[in-house]
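Load the model in the viewer and keep the sequence panel open. The stops below give a selection and then what is found there.

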Amino acid sequence: MKTVIHVENLEETAKLAETVASYAKPGFVLCLAGDLGAGKTTFTQFLGASMGIEETINSPTFTIMKVYDHSLPLYHIDAYRLEGQTGDFELEEYIHGDGVAVIEWYRNIEEYLPAEYLSIEFKWIGETKRQCTIEGSGPYAEIAKTLSN
Amino acid sequence: MIVLAIESSCDETSVSISKDGKTVLSNVVYSQIELHQSFGGVVPEIASREHIKRITVIFEKAFVEAGVAKEDIDLVAVTKGPGLIGSLLVGINAAKAFAFAYDVPIVGVHHLAGHIYANQIEEEMEFPLVALVVSGGHTELILMKDHYAFEKLGETHDDAVGEAYDKVARVLGLGYPGGPIIDKLAKEGTPEYPMPHIRTKGVYDFSYSGLKSHVINFLNRKKMKNESVDEKNMAASFQEAAIRHLITQSENAVRDYDAKMFIVAGGVAANSHLRDEVAKKFPHVKVSVPPFKYCTDNAAMMGIAAYYQYKKNKTADAMDLNGYSRLKLA
(Lines give C-alpha, C1' and ligand atoms only; values in the text may rest on other atoms or scores of the structure.)
Protein backbone atom coordinates (compact mmCIF):
# COMPACT_ATOMS: atom_id res chain seq x y z
CA MET A 1 0.00 0.00 0.00
CA LYS A 2 1.55 3.29 -1.12
CA THR A 3 0.00 6.70 -0.77
CA VAL A 4 1.17 10.27 -1.28
CA ILE A 5 -0.08 13.15 0.84
CA HIS A 6 0.99 16.72 1.52
CA VAL A 7 1.45 18.48 4.84
CA GLU A 8 1.25 22.25 4.56
CA ASN A 9 2.82 23.26 7.86
CA LEU A 10 4.19 22.09 11.21
CA GLU A 11 0.70 21.70 12.68
CA GLU A 12 -0.25 19.24 9.96
CA THR A 13 3.07 17.44 10.42
CA ALA A 14 2.30 17.16 14.15
CA LYS A 15 -1.18 15.83 13.35
CA LEU A 16 0.26 13.15 11.05
CA ALA A 17 2.73 12.13 13.77
CA GLU A 18 -0.09 11.96 16.30
CA THR A 19 -2.06 9.62 14.04
CA VAL A 20 0.97 7.39 13.54
CA ALA A 21 1.56 7.40 17.32
CA SER A 22 -1.98 6.12 17.89
CA TYR A 23 -0.88 2.84 16.24
CA ALA A 24 2.34 2.58 18.24
CA LYS A 25 2.87 -0.64 20.19
CA PRO A 26 5.85 -2.85 21.11
CA GLY A 27 7.69 -3.93 17.99
CA PHE A 28 6.30 -1.11 15.84
CA VAL A 29 8.82 -0.11 13.16
CA LEU A 30 8.71 3.26 11.42
CA CYS A 31 11.27 4.01 8.73
CA LEU A 32 11.94 7.57 7.62
CA ALA A 33 13.58 8.81 4.43
CA GLY A 34 14.31 12.18 2.89
CA ASP A 35 17.27 14.48 2.32
CA LEU A 36 19.14 16.39 5.04
CA GLY A 37 16.71 18.99 6.34
CA ALA A 38 13.60 17.19 5.05
CA GLY A 39 12.16 16.92 8.57
CA LYS A 40 12.82 13.38 9.74
CA THR A 41 13.97 14.37 13.23
CA THR A 42 11.19 16.97 13.50
CA PHE A 43 8.64 14.25 12.72
CA THR A 44 10.21 11.98 15.36
CA GLN A 45 9.97 14.80 17.91
CA PHE A 46 6.23 15.12 17.24
CA LEU A 47 5.83 11.35 17.38
CA GLY A 48 7.67 11.11 20.70
CA ALA A 49 5.61 13.96 22.16
CA SER A 50 2.42 12.15 21.11
CA MET A 51 3.71 9.02 22.86
CA GLY A 52 4.04 11.07 26.04
CA ILE A 53 7.82 11.48 26.06
CA GLU A 54 8.65 14.79 27.69
CA GLU A 55 12.42 14.82 27.23
CA THR A 56 14.07 16.68 24.37
CA ILE A 57 14.37 14.38 21.38
CA ASN A 58 17.33 15.58 19.35
CA SER A 59 19.41 14.23 16.53
CA PRO A 60 20.84 10.73 17.06
CA THR A 61 23.31 11.06 14.18
CA PHE A 62 26.37 11.10 16.42
CA THR A 63 25.62 8.07 18.54
CA ILE A 64 23.57 6.21 15.88
CA MET A 65 20.87 5.53 18.47
CA LYS A 66 19.19 7.23 21.39
CA VAL A 67 16.94 5.36 23.80
CA TYR A 68 14.01 7.11 25.47
CA ASP A 69 12.80 4.99 28.39
CA HIS A 70 9.09 5.33 28.78
CA SER A 71 6.05 3.09 29.35
CA LEU A 72 6.40 2.41 25.64
CA PRO A 73 10.11 3.03 24.94
CA LEU A 74 11.26 4.90 21.84
CA TYR A 75 14.38 3.75 20.02
CA HIS A 76 15.50 6.58 17.77
CA ILE A 77 17.99 5.19 15.27
CA ASP A 78 19.90 7.13 12.61
CA ALA A 79 21.68 5.14 9.93
CA TYR A 80 23.10 8.28 8.24
CA ARG A 81 26.63 7.22 9.08
CA LEU A 82 26.12 3.57 8.19
CA GLU A 83 26.00 4.19 4.43
CA GLY A 84 27.76 1.46 2.49
CA GLN A 85 28.45 -0.52 5.65
CA THR A 86 27.80 -4.13 6.31
CA GLY A 87 28.14 -5.92 9.57
CA ASP A 88 26.43 -6.55 12.82
CA PHE A 89 24.99 -3.25 13.95
CA GLU A 90 23.41 -4.85 17.02
CA LEU A 91 20.20 -3.00 16.32
CA GLU A 92 18.04 -6.13 16.23
CA GLU A 93 17.09 -6.11 19.87
CA TYR A 94 15.77 -2.59 19.49
CA ILE A 95 14.06 -3.06 16.15
CA HIS A 96 12.27 -6.17 17.36
CA GLY A 97 12.09 -5.06 20.95
CA ASP A 98 9.64 -3.87 23.54
CA GLY A 99 9.24 -0.40 22.10
CA VAL A 100 8.83 1.68 18.99
CA ALA A 101 11.78 1.84 16.60
CA VAL A 102 12.10 4.93 14.42
CA ILE A 103 14.84 4.56 11.83
CA GLU A 104 16.13 7.55 9.88
CA TRP A 105 18.13 6.92 6.68
CA TYR A 106 16.76 3.36 6.80
CA ARG A 107 17.80 2.58 3.21
CA ASN A 108 21.40 2.44 4.44
CA ILE A 109 20.55 -0.66 6.47
CA GLU A 110 17.62 -2.02 4.48
CA GLU A 111 18.83 -5.62 4.52
CA TYR A 112 18.87 -5.61 8.32
CA LEU A 113 15.26 -4.51 8.62
CA PRO A 114 12.24 -6.72 9.21
CA ALA A 115 10.05 -7.58 6.21
CA GLU A 116 7.16 -5.50 7.46
CA TYR A 117 7.25 -1.84 8.45
CA LEU A 118 5.74 1.54 7.84
CA SER A 119 7.81 4.02 5.88
CA ILE A 120 7.45 7.73 5.23
CA GLU A 121 9.58 9.62 2.74
CA PHE A 122 9.64 13.39 3.13
CA LYS A 123 10.23 15.64 0.18
CA TRP A 124 10.87 19.35 0.57
CA ILE A 125 8.24 21.44 -1.27
CA GLY A 126 8.44 24.73 0.61
CA GLU A 127 9.70 26.16 3.91
CA THR A 128 7.30 24.03 6.02
CA LYS A 129 5.47 22.19 3.23
CA ARG A 130 6.38 18.55 2.59
CA GLN A 131 5.28 15.77 0.32
CA CYS A 132 4.99 12.51 2.27
CA THR A 133 5.11 9.16 0.52
CA ILE A 134 3.70 6.63 2.93
CA GLU A 135 4.15 2.91 2.41
CA GLY A 136 3.14 -0.04 4.56
CA SER A 137 3.60 -3.76 4.19
CA GLY A 138 1.75 -6.54 6.03
CA PRO A 139 -0.28 -5.15 8.94
CA TYR A 140 1.16 -1.71 8.22
CA ALA A 141 -0.73 -1.52 4.89
CA GLU A 142 -3.93 -0.75 6.78
CA ILE A 143 -2.22 2.07 8.69
CA ALA A 144 -0.83 3.56 5.47
CA LYS A 145 -4.35 3.50 4.06
CA THR A 146 -5.79 5.30 7.09
CA LEU A 147 -3.07 7.96 6.91
CA SER A 148 -3.99 8.79 3.32
CA ASN A 149 -7.36 10.15 4.43
CA MET B 1 46.18 10.05 44.29
CA ILE B 2 47.30 8.60 40.96
CA VAL B 3 44.51 8.03 38.48
CA LEU B 4 44.60 5.83 35.40
CA ALA B 5 41.99 6.97 32.88
CA ILE B 6 40.66 5.41 29.70
CA GLU B 7 38.59 7.08 27.00
CA SER B 8 37.12 5.26 23.98
CA SER B 9 33.68 6.77 23.46
CA CYS B 10 34.04 7.58 19.78
CA ASP B 11 37.00 7.50 17.41
CA GLU B 12 39.87 8.28 19.76
CA THR B 13 41.52 5.62 21.89
CA SER B 14 43.26 7.27 24.81
CA VAL B 15 44.91 6.35 28.11
CA SER B 16 46.22 8.86 30.62
CA ILE B 17 47.84 8.88 34.04
CA SER B 18 47.33 11.94 36.20
CA LYS B 19 47.98 13.03 39.76
CA ASP B 20 45.57 14.67 42.23
CA GLY B 21 43.20 16.00 39.59
CA LYS B 22 45.79 18.47 38.35
CA THR B 23 49.02 17.13 36.92
CA VAL B 24 48.90 15.15 33.70
CA LEU B 25 51.76 12.64 33.76
CA SER B 26 50.89 11.10 30.40
CA ASN B 27 48.12 11.39 27.83
CA VAL B 28 48.43 9.05 24.89
CA VAL B 29 45.83 9.55 22.15
CA TYR B 30 45.38 7.51 19.03
CA SER B 31 42.92 9.02 16.57
CA GLN B 32 41.19 6.93 13.93
CA ILE B 33 40.04 9.99 12.05
CA GLU B 34 41.87 9.13 8.82
CA LEU B 35 40.27 5.70 8.78
CA HIS B 36 36.81 7.22 8.89
CA GLN B 37 37.38 10.11 6.50
CA SER B 38 36.45 8.13 3.38
CA PHE B 39 33.06 7.31 4.94
CA GLY B 40 32.15 10.91 5.78
CA GLY B 41 31.85 10.07 9.46
CA VAL B 42 32.69 7.60 12.19
CA VAL B 43 31.75 4.04 11.34
CA PRO B 44 30.83 2.28 14.61
CA GLU B 45 31.89 -1.22 13.52
CA ILE B 46 35.33 -0.06 12.42
CA ALA B 47 35.70 2.15 15.49
CA SER B 48 35.20 -0.61 18.05
CA ARG B 49 37.49 -2.97 16.16
CA GLU B 50 40.24 -0.34 16.05
CA HIS B 51 39.88 0.37 19.78
CA ILE B 52 40.46 -3.32 20.49
CA LYS B 53 43.52 -3.36 18.24
CA ARG B 54 45.15 -0.31 19.81
CA ILE B 55 44.22 -0.24 23.46
CA THR B 56 46.94 -2.51 24.94
CA VAL B 57 49.77 -0.71 23.13
CA ILE B 58 48.40 2.68 24.22
CA PHE B 59 48.05 1.36 27.77
CA GLU B 60 51.71 0.37 27.96
CA LYS B 61 52.83 3.63 26.37
CA ALA B 62 50.90 5.68 28.94
CA PHE B 63 52.73 3.92 31.79
CA VAL B 64 56.16 4.29 30.17
CA GLU B 65 55.62 8.01 29.47
CA ALA B 66 54.35 8.68 32.99
CA GLY B 67 57.16 6.70 34.60
CA VAL B 68 54.63 5.13 36.93
CA ALA B 69 54.37 1.47 37.94
CA LYS B 70 51.05 -0.34 37.64
CA GLU B 71 51.08 -0.94 41.40
CA ASP B 72 51.09 2.83 41.99
CA ILE B 73 47.60 3.37 40.54
CA ASP B 74 45.02 4.36 43.17
CA LEU B 75 41.93 4.72 40.99
CA VAL B 76 40.82 3.57 37.53
CA ALA B 77 38.54 5.91 35.59
CA VAL B 78 36.71 5.16 32.37
CA THR B 79 34.21 6.95 30.14
CA LYS B 80 30.83 5.23 30.59
CA GLY B 81 28.88 7.39 28.13
CA PRO B 82 27.47 8.97 26.14
CA GLY B 83 29.08 7.54 23.03
CA LEU B 84 29.07 4.64 20.63
CA ILE B 85 28.17 1.62 22.68
CA GLY B 86 30.63 -0.80 21.00
CA SER B 87 33.47 1.69 21.43
CA LEU B 88 32.65 2.48 25.06
CA LEU B 89 32.63 -1.20 25.99
CA VAL B 90 36.23 -1.69 24.83
CA GLY B 91 37.45 0.95 27.29
CA ILE B 92 35.15 -0.23 30.06
CA ASN B 93 36.34 -3.82 29.80
CA ALA B 94 39.99 -2.77 29.74
CA ALA B 95 39.38 -0.65 32.84
CA LYS B 96 37.61 -3.49 34.61
CA ALA B 97 40.41 -5.92 33.80
CA PHE B 98 42.99 -3.56 35.28
CA ALA B 99 40.89 -2.77 38.35
CA PHE B 100 40.35 -6.47 38.97
CA ALA B 101 43.97 -7.48 38.44
CA TYR B 102 45.42 -4.73 40.67
CA ASP B 103 42.51 -4.55 43.09
CA VAL B 104 41.84 -0.81 42.76
CA PRO B 105 38.49 1.00 42.73
CA ILE B 106 36.91 1.83 39.37
CA VAL B 107 34.68 4.80 38.49
CA GLY B 108 32.62 5.34 35.37
CA VAL B 109 32.73 9.00 34.32
CA HIS B 110 30.40 11.04 32.12
CA HIS B 111 32.14 12.09 28.92
CA LEU B 112 30.95 15.69 29.18
CA ALA B 113 32.24 15.99 32.76
CA GLY B 114 35.59 15.15 31.24
CA HIS B 115 35.32 17.88 28.61
CA ILE B 116 34.38 20.43 31.29
CA TYR B 117 37.24 19.35 33.57
CA ALA B 118 39.74 19.67 30.70
CA ASN B 119 39.76 23.33 31.74
CA GLN B 120 40.89 22.48 35.28
CA ILE B 121 44.24 21.26 33.92
CA GLU B 122 45.44 24.83 33.37
CA GLU B 123 42.95 27.10 35.13
CA GLU B 124 41.49 26.68 38.60
CA MET B 125 37.69 26.59 38.42
CA GLU B 126 35.72 29.38 40.09
CA PHE B 127 32.03 29.13 40.98
CA PRO B 128 29.34 29.82 39.94
CA LEU B 129 30.57 28.69 36.59
CA VAL B 130 28.82 28.40 33.23
CA ALA B 131 30.14 25.81 30.78
CA LEU B 132 29.32 25.72 27.10
CA VAL B 133 29.73 22.14 25.92
CA VAL B 134 30.02 21.91 22.16
CA SER B 135 30.88 18.89 20.02
CA GLY B 136 29.67 16.63 17.23
CA GLY B 137 27.07 15.13 19.53
CA HIS B 138 26.39 17.86 22.10
CA THR B 139 25.44 21.49 22.44
CA GLU B 140 24.59 22.31 26.06
CA LEU B 141 24.91 25.01 28.68
CA ILE B 142 25.78 23.67 32.13
CA LEU B 143 25.76 25.57 35.43
CA MET B 144 28.12 24.54 38.23
CA LYS B 145 27.80 26.03 41.70
CA ASP B 146 30.52 23.77 43.09
CA HIS B 147 32.89 21.02 42.02
CA TYR B 148 31.10 18.16 40.37
CA ALA B 149 27.63 19.68 40.73
CA PHE B 150 26.10 19.99 37.29
CA GLU B 151 22.83 21.65 36.38
CA LYS B 152 21.68 21.67 32.78
CA LEU B 153 20.43 25.10 31.73
CA GLY B 154 19.70 24.29 28.10
CA GLU B 155 20.52 22.06 25.18
CA THR B 156 19.96 21.70 21.47
CA HIS B 157 16.41 21.00 20.32
CA ASP B 158 17.68 19.16 17.28
CA ASP B 159 21.20 18.98 15.79
CA ALA B 160 24.45 19.51 17.68
CA VAL B 161 26.60 22.36 16.39
CA GLY B 162 29.43 20.04 15.30
CA GLU B 163 26.92 17.87 13.48
CA ALA B 164 25.60 20.92 11.60
CA TYR B 165 29.19 21.69 10.55
CA ASP B 166 29.66 18.10 9.34
CA LYS B 167 26.42 18.04 7.38
CA VAL B 168 26.91 21.47 5.79
CA ALA B 169 30.47 20.45 4.82
CA ARG B 170 29.12 17.28 3.27
CA VAL B 171 26.53 19.16 1.19
CA LEU B 172 29.24 21.60 0.08
CA GLY B 173 31.36 18.58 -0.87
CA LEU B 174 34.17 19.58 1.47
CA GLY B 175 34.85 16.32 3.32
CA TYR B 176 34.98 15.17 6.93
CA PRO B 177 35.25 16.34 9.67
CA GLY B 178 33.40 19.50 8.70
CA GLY B 179 34.44 21.71 11.62
CA PRO B 180 38.11 22.36 10.85
CA ILE B 181 37.46 22.49 7.07
CA ILE B 182 34.72 25.13 7.32
CA ASP B 183 36.70 27.05 9.95
CA LYS B 184 39.69 27.26 7.60
CA LEU B 185 37.62 28.25 4.53
CA ALA B 186 35.62 30.80 6.51
CA LYS B 187 38.79 32.76 7.29
CA GLU B 188 39.21 33.42 3.56
CA GLY B 189 35.60 34.47 2.97
CA THR B 190 33.18 37.17 4.04
CA PRO B 191 29.82 36.41 5.65
CA GLU B 192 27.75 37.96 2.87
CA TYR B 193 25.05 35.31 2.43
CA PRO B 194 21.97 36.00 4.55
CA MET B 195 21.36 33.49 7.33
CA PRO B 196 18.13 32.98 9.29
CA HIS B 197 17.60 34.29 12.79
CA ILE B 198 17.65 31.27 15.11
CA ARG B 199 14.67 31.00 17.43
CA THR B 200 14.54 28.68 20.45
CA LYS B 201 12.04 27.93 23.21
CA GLY B 202 14.38 28.90 26.03
CA VAL B 203 17.09 31.57 26.20
CA TYR B 204 19.71 28.93 27.03
CA ASP B 205 18.58 26.45 24.35
CA PHE B 206 20.03 25.90 20.89
CA SER B 207 18.74 24.92 17.48
CA TYR B 208 20.82 24.10 14.43
CA SER B 209 18.51 22.17 12.13
CA GLY B 210 16.92 25.38 10.75
CA LEU B 211 20.32 26.86 9.92
CA LYS B 212 21.46 23.58 8.35
CA SER B 213 18.27 23.30 6.25
CA HIS B 214 18.58 26.93 5.20
CA VAL B 215 22.08 26.34 3.81
CA ILE B 216 21.05 23.11 2.07
CA ASN B 217 17.94 24.65 0.51
CA PHE B 218 19.87 27.74 -0.54
CA LEU B 219 22.48 25.56 -2.28
CA ASN B 220 19.76 23.48 -3.97
CA ARG B 221 17.98 26.57 -5.29
CA LYS B 222 21.22 27.99 -6.66
CA LYS B 223 22.01 24.66 -8.31
CA MET B 224 18.60 24.53 -9.98
CA LYS B 225 19.14 28.02 -11.37
CA ASN B 226 22.65 27.07 -12.48
CA GLU B 227 24.09 29.82 -10.30
CA SER B 228 27.37 29.35 -8.49
CA VAL B 229 27.96 29.73 -4.77
CA ASP B 230 31.22 31.03 -3.34
CA GLU B 231 32.29 28.28 -0.95
CA LYS B 232 34.46 30.55 1.17
CA ASN B 233 31.72 33.10 1.64
CA MET B 234 29.17 30.38 2.37
CA ALA B 235 31.53 28.87 4.97
CA ALA B 236 32.02 32.31 6.53
CA SER B 237 28.28 33.05 6.56
CA PHE B 238 27.38 29.71 8.12
CA GLN B 239 30.19 29.91 10.67
CA GLU B 240 29.28 33.45 11.66
CA ALA B 241 25.64 32.49 12.30
CA ALA B 242 26.51 29.21 14.05
CA ILE B 243 29.00 30.82 16.46
CA ARG B 244 26.87 33.91 17.10
CA HIS B 245 24.08 31.63 18.34
CA LEU B 246 26.49 29.95 20.80
CA ILE B 247 27.70 33.33 22.07
CA THR B 248 24.20 34.83 22.46
CA GLN B 249 22.84 31.94 24.53
CA SER B 250 26.05 31.80 26.61
CA GLU B 251 25.82 35.53 27.33
CA ASN B 252 22.28 35.00 28.62
CA ALA B 253 23.42 32.28 31.01
CA VAL B 254 26.56 34.07 32.25
CA ARG B 255 24.55 37.23 32.95
CA ASP B 256 21.49 35.58 34.55
CA TYR B 257 23.49 33.32 36.86
CA ASP B 258 26.09 35.92 37.75
CA ALA B 259 28.84 33.55 36.72
CA LYS B 260 32.40 34.19 37.87
CA MET B 261 33.81 31.95 35.19
CA PHE B 262 32.81 30.92 31.69
CA ILE B 263 34.37 27.86 30.12
CA VAL B 264 34.10 26.27 26.72
CA ALA B 265 34.43 22.51 26.41
CA GLY B 266 34.29 19.85 23.70
CA GLY B 267 35.69 19.43 20.21
CA VAL B 268 34.12 22.59 18.79
CA ALA B 269 36.13 24.58 21.39
CA ALA B 270 38.96 24.18 18.88
CA ASN B 271 37.08 26.43 16.43
CA SER B 272 39.09 29.61 15.88
CA HIS B 273 36.10 31.92 15.39
CA LEU B 274 34.51 30.66 18.61
CA ARG B 275 37.79 31.19 20.50
CA ASP B 276 38.09 34.74 19.14
CA GLU B 277 34.50 35.64 20.00
CA VAL B 278 34.71 34.13 23.49
CA ALA B 279 37.85 36.18 24.17
CA LYS B 280 36.01 39.37 23.12
CA LYS B 281 32.47 38.96 24.42
CA PHE B 282 32.95 38.12 28.10
CA PRO B 283 35.05 40.96 29.54
CA HIS B 284 33.65 40.73 33.06
CA VAL B 285 34.22 37.08 33.84
CA LYS B 286 37.19 34.76 33.87
CA VAL B 287 37.19 32.87 30.60
CA SER B 288 38.77 29.48 30.01
CA VAL B 289 39.09 27.53 26.80
CA PRO B 290 41.13 24.34 26.96
CA PRO B 291 44.39 24.08 24.99
CA PHE B 292 43.86 22.45 21.57
CA LYS B 293 45.19 19.06 22.66
CA TYR B 294 42.56 18.83 25.41
CA CYS B 295 39.64 19.97 23.19
CA THR B 296 39.21 16.76 21.27
CA ASP B 297 38.58 13.48 23.08
CA ASN B 298 41.38 12.45 25.44
CA ALA B 299 41.78 10.43 28.61
CA ALA B 300 43.59 13.15 30.60
CA MET B 301 40.36 15.14 31.02
CA MET B 302 38.55 11.97 32.13
CA GLY B 303 41.19 11.36 34.81
CA ILE B 304 40.86 14.92 36.14
CA ALA B 305 37.06 14.65 36.25
CA ALA B 306 37.30 11.24 37.93
CA TYR B 307 39.43 12.64 40.73
CA TYR B 308 36.78 15.23 41.60
CA GLN B 309 33.94 12.74 41.15
CA TYR B 310 35.59 10.25 43.53
CA LYS B 311 36.48 13.00 46.00
CA LYS B 312 32.88 14.16 46.10
CA ASN B 313 30.93 10.89 45.95
CA LYS B 314 33.51 8.81 47.88
CA THR B 315 32.17 5.71 46.17
CA ALA B 316 33.42 3.52 43.39
CA ASP B 317 31.42 1.55 40.83
CA ALA B 318 30.83 -2.18 40.94
CA MET B 319 32.22 -4.58 38.36
CA ASP B 320 28.88 -4.60 36.53
CA LEU B 321 29.60 -1.05 35.31
CA ASN B 322 28.03 -0.58 31.87
CA GLY B 323 28.28 1.79 28.90
CA TYR B 324 25.46 4.04 27.71
CA SER B 325 24.85 5.64 24.33
CA ARG B 326 22.70 8.32 25.93
CA LEU B 327 23.45 9.46 29.47
CA LYS B 328 22.36 12.44 31.53
CA LEU B 329 24.99 14.66 33.12
CA ALA B 330 22.39 16.66 35.01
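Start by selecting V68(B): this residue is partly exposed, because 17 other C-beta atoms lie within 10 Å (buried means 20 or more other C-beta atoms within 10 Å of its own, exposed 12 or fewer, partly exposed in between, with C-beta atoms placed from the backbone). The model is predicted: local features need pLDDT of at least 70, side-chain atom pairs count only at pLDDT 80 or more, and totals for chains, interfaces and linings use all residues. Residues are numbered from 1 along each chain as its sequence is written, while chains are lettered from A and ligands numbered from 1 in the order in which they are written.

Stay on V68(B), which sits in the loop between helix 2 (44–66) and strand 4 (75–81) of chain B. Helices (H or I, at least four residues) and strands (E, at least two) are DSSP runs, numbered from the N terminus. Show I2(B), I17(B), L25(B) and F63(B): leaving aside neighbours within four places in sequence, these are the contacts of V68(B) (contact means C-beta atoms, placed from the backbone, within 7 Å). Then pick S26(B), 42 residues from V68(B) in sequence and 9.6 Å from V68(B) in space, C-alpha to C-alpha.

Next, select the whole of chain B, with its 10 helices and 10 strands. Of its 330 residues, 54% count as buried. The C-alpha trace spans about 65 × 45 × 30 Å along its principal axes.

Colour chain B by domain: domain 1 is 2–117 + 294–313 and domain 2 is 124–289, with bounds from an automatic or database domain assignment. Where do the two domains of chain B touch? There, 12 residues of domain 1 are in contact with 17 residues of domain 2. On the domain 1 side, helix 4 (111–117) and helix 10 (299–313) of chain B are the elements that give two or more residues.

Now move to chain A and display the open sheet of 7 strands, order 1-7-6-2-5-4-3, with mixed pairing (two strands pair if DSSP finds at least two bridges between them). Strand 1 (2–7) and strand 3 (65–68) of chain A stand at the edges with a single partner strand each, so one side of each has no neighbour in the sheet. Inspect strand 2 (residues 29–33) and strand 5 (residues 100–104) of chain A, which run parallel and are joined by 4 bridges. Finish on C31(A), whose bridge partner in strand 5 of chain A is I103(A).
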